[in-house]
Amino acid sequence: QVQLVVAGGGLVQAGGSLRLSCATSGLSFDTYAMGWFRQAPGKEREFVIAISWSGSTYSAESVKGRFYISRDNAKSTMSLQIDSLKPEDTAVYYCAASRNYRPFNPTYWGQGTQVTVSS
């Protein structure tokens with residue numbers, strides 16, 4: 001049984017930082033690309049950032065230079081460092097695993113975690 005468990009999230013002031021993590025089990029972690037999506041209130045879920053099995057990354061234009069993704073294949077975990085948070089980053093954030101790196105098409109999803117940025 002594949003599980004993706006998200007930790008982190010919370011309330012932070014604009015300009016602050018936050019770190020989300022995604023721990024996985026039940027999948028061959030180093031054969032999957034990993035990534036993050038987010039869904040703001042009243043909006044569709046959108047792609048945020050992804051990392052390949054070898055460590056290459058790409059992201060949505062709106063988060064470039066502020067969002068950083070990393071992975072630890074030995075521990076089957078992934079992290080998202082978010083800097084310079086903006087109110088428009090407020091959303092539920094989901095981690096995902098995909099057989100494809102680009103485009104990133106999730107096969108598995110983790111539960112969401114709320115990130116709220118106050119102005």
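The side chains of Arg-66 and Asp-89 come together in a salt bridge, with 2.7 Å from N to O. A salt bridge here is a side-chain nitrogen of Lys or Arg within 4 Å of a carboxyl oxygen of Asp or Glu. The structure is a predicted model, in which local features need pLDDT of at least 70 and side-chain atom pairs count only at pLDDT 80 or more, while totals for chains, interfaces and linings use all residues. Residues are numbered from 1 along each chain as its sequence is written, and side-chain values use heavy atoms, with hydrogens and water left out.

Where do the two partners sit? Helices (H or I, at least four residues) and strands (E, at least two) are DSSP runs, numbered from the N terminus. Both Arg-66 and Asp-89 are buried. Buried means under 20% relative accessible area, exposed over 50%, and partly exposed in between, using a 1.4 Å probe and protein chains only. For Asp-89 the relative accessible area is 0%.

Asp-89 also forms a salt bridge with Arg-38, and here the closest N and O atoms are 2.9 Å apart. This pair links distant parts of the chain, since Arg-38 lies in strand 4 (residues 33–39) and Asp-89 in the loop between strand 8 (77–82) and strand 9, 51 residues apart. Arg-38 is buried, at a relative accessible area of 5%. Arg-38 has a salt bridge with Glu-46 as well, with the closest N and O atoms 2.7 Å apart. Glu-46 is partly exposed, at 38% relative accessible area. Through shared partners, salt bridges join Arg-38, Glu-46, Arg-66 and Asp-89 into one network. A search of the whole structure finds four salt bridges.

Next comes a covalent link. A disulfide is a covalent bond between the sulfur atoms of two cysteines. The rule used here asks for a pair of cysteine sulfur atoms within 2.5 Å, and the count comes to one disulfide. Which cysteines take part? The disulfide joins Cys-22 to Cys-95, with 2.2 Å from S to S. Cys-22 lies in strand 3 (residues 18–25) and Cys-95 in strand 9 (residues 91–98), so the pair ties together parts that are 73 residues apart in sequence. The torsion about the S-S bond of Cys-22 and Cys-95 is about 50°, which means the disulfide is right-handed. Cys-22 is buried, with a relative accessible area of 1%, and Cys-95 is buried too, at 0%.
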